[in-house]
Amino acid sequence: MLLSNICLVSNIIFLAFYPSNGASLKKVIVVFRHGDRSPIGTYKNDPYITEEYWPQGLLQLTQKGMYQEYNLGKFLKKRYMMNENLLNSTYKKSEIFVESTDTDRTLMSAQSVLNGLYPPVGNQIWRKGLDWQPIPVHTTTYDLILGDYECKALADAISETRKSKNFTETTKMYKKFINKINTNTGENYKTIEDISPFCDNAFCNSQHNNTLKWLSHEELEKCTDFVPAYDGWFQRGSEKKAKYGLGFFFANMSELFHNAKDHKIQRKLTLFSAHDTTIISFFYGLGAKFVAQPTYSSAVMTELWQDKNEWQIKLAYRTLSKDGKEIVKPVKVKGCSNSEFCSFDEFMKIIDKVKLTRDEYNDACVETEVKKLSVATIIAIVASIIICLLASFLVLSWLRRKSSPTPFYTAIHRGS
Ligand SMILES: *[C@@H]1O[C@H](CO)[C@@H](O)[C@H](O)[C@H]1NC(C)=O
Ligand SMILES: *[C@@H]1O[C@H](CO)[C@@H](O)[C@H](O)[C@H]1NC(C)=O
Ligand SMILES: *[C@@H]1O[C@H](CO)[C@@H](O)[C@H](O)[C@H]1NC(C)=O
Ligand SMILES: *[C@@H]1O[C@H](CO)[C@@H](O)[C@H](O)[C@H]1NC(C)=O
C-alpha cells in the first residue's frame, strides 16, 4: 500500500521481527513528522480562515496534533524501554538527543513526543500533579542536517520535473478537477502543483470536520491521497532530489552508526522532529519508487543491532490509518540481501550514494558570494573596457575635430 520498491511486508513478519534471538539493539535514529496542524495557506473563497477555526493562525500544531505526537512518544517508550531495554525509563541526558527544525509545529511536536516518552518518575517529579518535565529540544535556523536550506541543484531538478511529460500528462488528467476547484475557490490554478496548497487546506479542514459542500468525498480523497503523494514525488522523488534535499542527514546517520559500532560514546536514541518532505526524501534516498504521503506523527525508525560480531540495520515505519489507528511495519530495503534486515555494510553502501559533503553543497547548492562576485566582476571589467573605449573615442574625435573639420565617421572610414 505504501511503498512499492521498499515494500512493507505484512504484520506477520513484524511478529518475527522482535524475538531478537541473541541480537541486541544498540542505537536508534528516528525521524518523525509533526502532528495535525492548521493549513499552509488560504484561498480566495476560503470559508474557514477565521480565528474561530484556527485560533493560532496558519501552520500551527493543534491539540489533536499534540495528542498524536504524545502517542508517538508512548509508542517509542513501549518499543525502546519495555520491549527492548535500550533506554532507562528515567530520563538520562546521556541516552537521548533531540533535534528539530526551527518551526513552531516541529518544536511543539518534539515536546509532545517527549511528554509521552519521559513522564517524570521517582525523584524527577518536580511539581505535584504535573505529568511532564522539561527536556531539551535542539534547533538551529537553516538546519542543514534536516534539509532546511535552499539548494540550486534541487530547485533545478524540480524545474526539470515541471517540464516533464509526466507533469503535463498528470496536469491534463486532473484538468477537470482543477477547473472545478477554480470555479469554487475563485482562484486560477493551472497545474497539479498549483492545487497542492488548496488540497492541503481542504485536508486540514476535513480533519476538523470543516467540510466543503462542493467537494465530493471522492474529490476530497484525491486531495488527501494522490495530490500530496504526487507533490512529494515532485519535490523529492528521485535519488538526486533526495541527495540534495537530505544529504547531510544521510552523512550524519552514517557517522552516528559508525560511532556506535566503534563503541564511541554517544546517545542511544536520536530523535529528529521534521516534516513529510524529510520522510519522503529518506525513502527515495533508499530507492523507493512512489511513496504515499506520510501521515501526521508518522515515524521511520532506523535501528542498529548487534548479533555477536554481526552488525545489522533494521527499519520500521509507523503511520496512522485514516481512522487514527497505529500501523507499524518493517521496511524492506531493495539492495539488502536479507528480507528482515540489511547488513551494516550493505546499508552504508546504499546511503553512501546519497550523502552530501560540504564541498558538494557549496558547489551545487549555494550560489556563493564568490560566484556572484565573479559574475559581477566580469560585468564590471567589460563595462570599464567599454567606457574606456568610448572615452578614448570621444577624446580622439574631439582632438581630430579640433585639427580638421572632417566629421568623425569619415575619419574612421578613411582610416580603415
Ligand atoms: C535506571 O536508572 C536508575 C537511576 O539512575 C538506576 O537506579 C537503574 O538501575 C537504571 N535501570 C537500568 C535498567 O539500568
Ligand atoms: C509519473 O511518475 C510517477 C512516479 O514514477 C508514476 O507513478 C506515475 O505513473 C507517472 N505518471 C504519468 C502520467 O506518467
Ligand atoms: C469530527 O467528528 C467526529 C465524528 O462526529 C468526532 O469524533 C471528532 O471528534 C470530530 N473532530 C473534531 C476535531 O472536532
Ligand atoms: C550529527 O548530528 C548531531 C546532532 O545534530 C551532531 O551533534 C553531530 O555533530 C552531527 N555530525 C555530523 C558529522 O554532521
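A crossing of two helices is left-handed if the near helix is turned anticlockwise from the far one by less than a right angle, and right-handed if clockwise.

What you see is a predicted model, where local features need pLDDT of at least 70, side-chain atom pairs count only at pLDDT 80 or more, and totals for chains, interfaces and linings use all residues. Residues are numbered from 1 along each chain as its sequence is written, while chains are lettered from A and ligands numbered from 1 in the order in which they are written.

The overview comes first. The protein chain has 14 helices and 8 strands. Helices (H or I, at least four residues) and strands (E, at least two) are DSSP runs, numbered from the N terminus. The chain has 416 residues, and 35% of them count as buried. Here is the scale: a residue is buried if 20 or more other C-beta atoms lie within 10 Å of its own, exposed if 12 or fewer, and partly exposed in between, with C-beta atoms placed from the backbone. Next, contacts. Two residues are in contact if their C-beta atoms, placed from the backbone, lie within 7 Å. Take the contacts in the protein chain with a separation of 6 or more: 75% of them join residues 24 or more positions apart.

Now to helix packing. Two packed helices are described by the angle between their axes and the distance between the axes. Axes are lines fitted to C-alpha atoms, for helices over the stretch in contact, and angles run from 0 to 180 degrees between N-to-C directions. Angles under 35 degrees count as roughly parallel, over 145 as roughly antiparallel, 65 to 115 as roughly perpendicular and the rest as oblique.

Pair one is α8 and α10. Helix α10 covers residues 276–285, and it packs against α8 at about 65 degrees, with the axes 10 Å apart. So α8 is roughly perpendicular to α10. Which hand does the crossing of α8 and α10 have? It is right-handed. From α8, the contact uses G232, Q235 and R236; from α10, it uses D276, T277, I280, S281 and Y284. By class, that contact has 2 nonpolar, 4 polar and 2 charged residues. The classes work like this: Ala, Val, Leu, Ile, Met, Phe, Trp, Tyr, Cys and Pro count as nonpolar, Asp, Glu, Lys and Arg as charged, and the others, Gly among them, as polar.

Pair two is α4, residues 152–162, with α9. Their axes come within 9 Å and cross at roughly 150 degrees. The two are therefore roughly antiparallel. Here the crossing is left-handed. A153, L154 and A157 in α4 meet K240, K241, Y244 and G245 in α9. Those residues divide into 4 nonpolar, 1 polar and 2 charged.

Back to α8, which spans residues 217–236 and holds P228. Is P228 buried or exposed? Buried, because P228 has 20 C-beta neighbours inside 10 Å. Beyond its neighbours within four places in sequence, P228 is in contact with C199 and Q293. C199 is 29 residues away along the chain, yet the two C-alpha atoms are separated by 7.8 Å.

C199 takes us to α7, residues 196–206. Its buried residues are S196, F198, C199, N201, A202, C204 and N205. What covers them includes α6 and α8. K180 lies in α6. K180 counts as partly exposed because 15 other C-beta atoms lie within 10 Å. Its C-alpha is 9.0 Å from that of W214, which is 34 residues away in sequence.

Two ligands next. A residue is near a molecule if its C-beta atom, placed from the backbone, lies within 6 Å of it. Around ligand 2 we find N166, E169, T170, W233 and F290. Which helix gives the most to this shell? Helix α5, residues 165–173, with 3 residues. Around ligand 4 we find F97, E99, I145, N252 and E255.

Last, backbone angles. Most residues other than glycine have a negative phi. L59 has a positive one, near 65 degrees. L59 sits in the loop between β1 and α2. H263 also has a positive phi, near 60 degrees. H263 is in the loop between α9 and β4. H263 counts as exposed because 8 other C-beta atoms lie within 10 Å.
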